[in-house]
Amino acid sequence: MTAKKPGLLERLFGGGQRPPDPETPPPLPPEEPGPVEPFPPFPPVEVPEPPVEIPQPPVEFPPPPVEVPPAPTGSAAEHALAGPPEATIDYVEEVEAALEEETQAVPAPVPLPDKKQGWLQRLASGLKRSSDQLTGGIAAVFTKKKLDEAMLEELEDLLIQSDFGLEMAANVTDQLRRDRFDRDITAEEVRAVLAAEVQKVLEPVARPLVIESGRKPFVILTVGVNGSGKTTTIGKLSSLLRTQGKKVMLAAGDTFRAAAIEQLQVWGERTGAPVVARPPGSDASGLAFEAVTRARQEGADVLIIDTAGRLQNRDELMSELEKIIRVIKKVDETAPHATLLTLDATTGQNALNQVEIFGKRAGVTGIVMTKLDGTARGGILVAIAQKFGLPVHFIGVGEGVDNIETFAAADFAAAIAGKH
């Protein structure tokens, strides 16, 4: 027989002889069972006897009373609605009563501020620069108790510097010299005398612009130098006349500037007034003729014609303005019915020269003073009124559409003298 090949374990552990199995020890002899000792007895458990229940008769509670509302009768029965309490008549009446009480408890609406008071505040604010200069100068001059000649001379210089003019300055100082010389006087009393003298000069020229209903359309021609505020004044005047129920038409007669045409068209949209316009560079007199004709055909109450700004010392430009007036008269020989000169208050004494030349060449019938809020020399209006006596229809103290008002002498005098 061939020898048996070594197994895996023999090859792993060196291929030696397999050790003999350990001998199994002989089994132990079974033990004989001894006597079993009994467990001690458990103590007896006492079980309580259940209580004896005595049966009781059930207690019966009476059901709660149910209130049944009486059935509605008459008209209430006709309008009674079935459904939740929100649909009952009583509930609706309670809600209506509560709403009525709340309505009665609402405070009365606050009245709107008086338009007149609002204008006075804007006027005082617009003339603040002029009034501040005057009141500050007067307070600096009248530091003594008694009025003397030196104080009067300083006051006269102050009024002239504020463009009140020589005549106005002399009137105020003469009044003080006559009534208060060598007597105690305060700066406030001086301002009161100034306000009274200003009002005395302005009262005769403070006249509103009257739109004659018999002349339809009532043609208003606006003239003035460059930058005096003609176009803006036209827009404000259009808005004012529209609030008075007038049918207004505008004519963009400043054909030299495209911006002026566009500006007037914007004002026309804002105020609801149609605008007659032509391309820039068109003949201004031809546009004026077309505007008057169209306003008459469409039944406009008022036609306001804008013109190009021109220096009063340019003869050829003033001649063009005269041509526009002649062409307007071909349609209506009584037109223009009002020629308004817009004056920029910031130009100072030059405004006197403008009034003189425009009055001669264009037949100015009234004045609109603008930009009073941009100067400390608002006294120029007093000097113009005293020299020429032309009606002052409107003054403007801002860019807002409502910053124009019929001129009132007393309000202006009080505002410029710092009495408001």
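**Exercises on a predicted model**

The protein contains 15 helices and 8 strands; helices (H or I, at least four residues) and strands (E, at least two) are DSSP runs, numbered from the N terminus. This is a predicted model, in which local features need pLDDT of at least 70, side-chain atom pairs count only at pLDDT 80 or more, and totals for chains, interfaces and linings use all residues. Residues are numbered from 1 along each chain as its sequence is written, and side-chain values use heavy atoms, with hydrogens and water left out.

**Exercise 1.** Determine the order of the strands in the sheet and state which strands stand at its edges.

*Solution.* Step 1: the 8 strands form an open sheet with mixed pairing, in the order E3-E2-E4-E1-E5-E6-E7-E8; two strands pair if DSSP finds at least two bridges between them. Step 2: E3 (275-276) and E8 (404-406) are the edge strands; each has a single partner strand, so one side of each lacks a neighbour in the sheet.

**Exercise 2.** Follow the pairing from E5 to E6 and on to E7.

*Solution.* Step 1: E5 (residues 338-344) runs parallel to E6 (residues 366-370), joined by 5 bridges. Here leucine 343 lies opposite methionine 369 in E6. Step 2: E6 and E7 are also parallel, with 3 bridges; isoleucine 367 has valine 392 in E7 as its bridge partner.
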